[in-house]
Amino acid sequence: MNFVLDTYGMLLNLLLVTEQQHQNPMPDFNDTALETQLRRFLYLGKEGPEYQPGNWFVHNYFVAENLPSVYELAENPLKHDVVISLILEAKENKLVQNPETLIFALAVCAQQDKSQELKKKAYDAVKKLCTTAEEFILFVKFCSHISKHKIQPKNGWGHGWRRAVKEWYLTKSPMTLAKIVTEGLHRYGWGHKDILKLAHMKVSNPDLEAVCCYILKGFKGLMVYKEENGLSPEAEEVFKYIESIEDFKHCEDEVRGAALIETLNLNLNHVPGHFLKSMEVWDSLLISMSLTTLLKNLQRIHNMGFLSKNNALTNKVLDILCKKNVEEEKIHPAQLYIALKNYENSGKPLTFEKRKIREQAKRPIPPPPEPNKMIIEKLKSLFNFSFECLEATNVNYMITISTNKNMENSCWKSGHVKAIEAAQIIALSILKTEKIVTLARFEKEGITLVETDGQVSMAQLKRKLETSYADIFDANKPMTLAADSKKVVDVFINIVDQIHPKAETSEEGIRNYRAKSNLPNAKLINVTLCATASNKPDFCDKNCLTICGFDGAVPRVIEAFARSYF
């Protein structure tokens with residue numbers, strides 16, 4: 001195919017340029033490499049093989065220049081369906097820990113100017129990818145940002161974008177759309193009103209037109225619409241629902257507001273600011289709150305003094321902290337452990353900026369109440385149970401852990417979790433789910449195998465990983481040992497505090513292992529728990545990955561890489 005394209009390009013140039021012998025060959029595609037780059041971005045937030053936890057919006061991950069693979073793949077008509085399918089498949093795999101990357105990649109496809117066909121396919125996929133209002137608004141935000149930062153910025157919105165907006169809103173029932181827009185009218189600096197105005201959307205369905213009138217003109221505008229046009233029985237039901245929501249948002253009585261939450265089955269997104277410090281309101285919210293949402297807001301509820309030893313609200317929190325919710329929501333042990341340590345230590349560690357502001361204010365902030373021991377014990381119990389809910393990847397692992405004194409330091413991005421604790425969680429997650437796992441620890445002159453099995457507890461594993469003083473170690477040793485003993489290993493995981501600049505890199509070791517063992521796709525993951533960035537990332541090898549720091553997503557990133565999702 002490339003040969004035909006090159007020949008055609010040369011003939012065309014010969015016809016156009018008669019006096020000069022000038023050639024303009026077609027682009028040289030390396031599609032496999034480009035697809036790998038795109039997959040990496042979807043799972044890691046960057047096209048290089050390095051994962052770093054943190055706020056990716058603040059660190060400018062979502063800039064079109066960070067995703068050149070899409071622009072290059074857009075030039076190949078045979079790859080348009082591949083690009084969209086890679087994005088949708090990543091969503092189906094449910095191991096992408098930051099779904100914003102999927103939405104951004106689709107927005108880049110929709111805003112690139114190299115292929116109108118790919119642009120159309122991207123807009124067609126919006127409904128499949130953006131299933132919530134928050135995701136859809138984020139897609140619009142990304143499209144606007146990319147459009148304004150092109151070499152030739154565009155302020156208008158094309159037909160494809162307007163069609164995608166129309167399909168997203170108008171394919172929903174009036175009640176569904178009403179529930180969506182009343183839950184949150186603004187996200188990421190954008191609102192439903194802004195989007196509908198830009199789309200210049202015409203609505204033929206009178207019932208949906210009433211909801212759109214509410215979006216554009218508010219509840220007063222909806223009442224005027226009702227007086228002038230009347231409402232069908234279905235629209236009347238929608239009107240009463242919106243009226244109830246407006247009544248709740250303007251209500252000042254905490255008891256009545258709490259009752260409306262239960263009657264209308266509202267969630268935290270519906271609650272206005274003046275109710276967020278009400279114990280009655282939180283008590284009603286907890287009735288239908290998910291475990292994931294509770295873990296995010298546990299410290300917030302505690303800091304307001306609502307979790308005393310014996311009260312109804314504490315009991316509801318304990319009811320949500322149950323095995324059934326862990327299993328249904330697939331909460332990873334790492335997420336529970338981080339939530340536990342944060343709760344024990346009164347919330348997340350302050351960032352440098354917040355610490356600086358607090359010091360400048362020179363005002364002592366009263367400490368939060370003592371953590372509730374019942375909640376701590378429940379979190380510990382769920383942490384131990386959550387290992388039973390993990391799914392095996394059915395590949396062979398070799399995990400080698402550094403146990404030097406630096407591993408007692410805090411992880412980067414999880415300040416209340418020690419590096420050795422994070423290493424144990426990663427190891428236990430694999431030991432308790434996989435059939436063939438080799439565990440070892442780094443020593444001064446090599447590595448030592450650690451005898452253990454899937455029944456080991458975290459405390460027992462800590463005792464087995466005796467402290468060593470090998471600050472500089474040879475990261476090639478695990479691969480060398482496996483090759484010499486003819487051990488079949490699909491994934492090597494080196495877990496250390498950081499890779500010393502003078503230490504041997506592991507690139508040579510994994511390449512030698514692949515050659516000696518005839519396993520060309522053997523993978524290597526270097527986890528540097530205390531490092532902010534890798535010193536020597538190998539950007540050429542698609543089967544190597546570096547992880548810097550630790551958060552609840554790290555074990556899932558490891559799982560996705562082991563499954564060859566990227």
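Accessible areas come from the Shrake-Rupley method with a 1.4 Å probe. On that basis, the accessible surface of the chain comes to about 28800 Å². Carbon and sulfur atoms hold 50% of this surface. The model is a predicted one. The chain has 566 residues, and 50% of them count as buried. Its secondary structure comprises 26 helices and 11 strands. Among contacts with a separation of 6 or more, 69% join residues 24 or more positions apart.

An open sheet of 7 strands was found. The strand order is β1-β11-β10-β9-β4-β7-β8, and the pairing is mixed. Strands β1 (50–51) and β8 (446–449) form the edges, and each pairs on one side only. Strands of a sheet pair through backbone hydrogen bonds, either parallel or antiparallel. Strand β10 (residues 523–528) runs parallel to strand β9 (residues 491–496), and 6 bridges join the two. Strand β10 also runs parallel to strand β11 (residues 544–548), here with 5 bridges.

Individual partners can be traced across these strands. I493 stands opposite I525 of β10. I495 has V527 as its bridge partner in β10. V527 in turn stands opposite I547 in β11.

Strand β10 is mostly covered, with 6 of its 6 residues buried. In a regular strand the side chains alternate between the two faces of the sheet. In β10, K523, I525 and V527 point one way. L524, N526 and T528 point the other way. Helix α22 (residues 419–431) lies across β4 (397–401), β7 (437–443), β9 and β10. This helix runs at about 165° to β4.

A search of the whole structure gave 23 aromatic pairs. One of them is formed by Y123 and F139. Their centres are 6.4 Å apart, with 85° between the planes, and the pair is edge-to-face. Y123 belongs to helix α6 (residues 116–124) and F139 to helix α8. The two residues are 16 residues apart, and the pair links distant parts of the chain. Both Y123 and F139 are buried.

A further pair is formed by F492 and Y513. The ring centres of F492 and Y513 lie 4.9 Å apart and the planes meet at 85°, so the pair is edge-to-face. F492 sits in strand β9 and Y513 in helix α25, so the pair ties together parts 21 residues apart in sequence. F492 and Y513 are both buried. Elsewhere, ring pairs link F41, F57, F62, F104, F142 and Y188 into a cluster.

R514 is placed in helix α25 (residues 507–517). Its relative accessible area is 12%; buried means under 20%, so R514 counts as buried. The side chain of R514 reaches the backbone oxygen of A522 at 2.9 Å. Neighbours within four places in sequence aside, R514 is in contact with L519, P520, A522, D541, N543 and C544.

E135 lies in helix α8 (residues 133–148). The relative accessible area of E135 is 16%, and this residue is therefore buried as well. With neighbours within four places in sequence left aside, E135 is in contact with K91, I103, L129 and C130. E135 and E100 are 35 residues apart in sequence, yet 7.9 Å apart in space from C-alpha to C-alpha.

Most residues other than glycine have a negative phi. K486 is not a glycine, but its phi is positive, at about 55°. K486 is found in the loop between α24 (477–484) and β9. Exposed means over 50% relative accessible area, and K486 has 74%, so K486 is exposed. S564 has a positive phi too, of about 65°, although S564 is not a glycine. S564 lies in the segment after α26 (554–562). With a relative accessible area of 47%, S564 is partly exposed.

How values were computed. Residues are numbered from 1 along each chain as its sequence is written. This is a predicted model: local features need pLDDT of at least 70, side-chain atom pairs count only at pLDDT 80 or more; totals for chains, interfaces and linings use all residues. Side-chain values use heavy atoms; hydrogens and water are left out. Helices (H or I, at least four residues) and strands (E, at least two) are DSSP runs, numbered from the N terminus. Buried means under 20% relative accessible area, exposed over 50%, partly exposed in between (1.4 Å probe, protein chains only). A polar contact is a pair of N or O atoms within 3.5 Å; within protein, one must be able to donate a hydrogen and the other to accept it, and residues adjacent in sequence count only if both atoms are side-chain atoms. Contact means heavy atoms within 4.5 Å. Two strands pair if DSSP finds at least two bridges between them. Axes are lines fitted to C-alpha atoms, for helices over the stretch in contact, and angles run from 0 to 180 degrees between N-to-C directions. Rings of Phe, Tyr and Trp (its six-membered ring) pair if their centres lie within 6.5 Å; planes under 30 degrees apart count as stacked, over 60 as edge-to-face and the rest as tilted.
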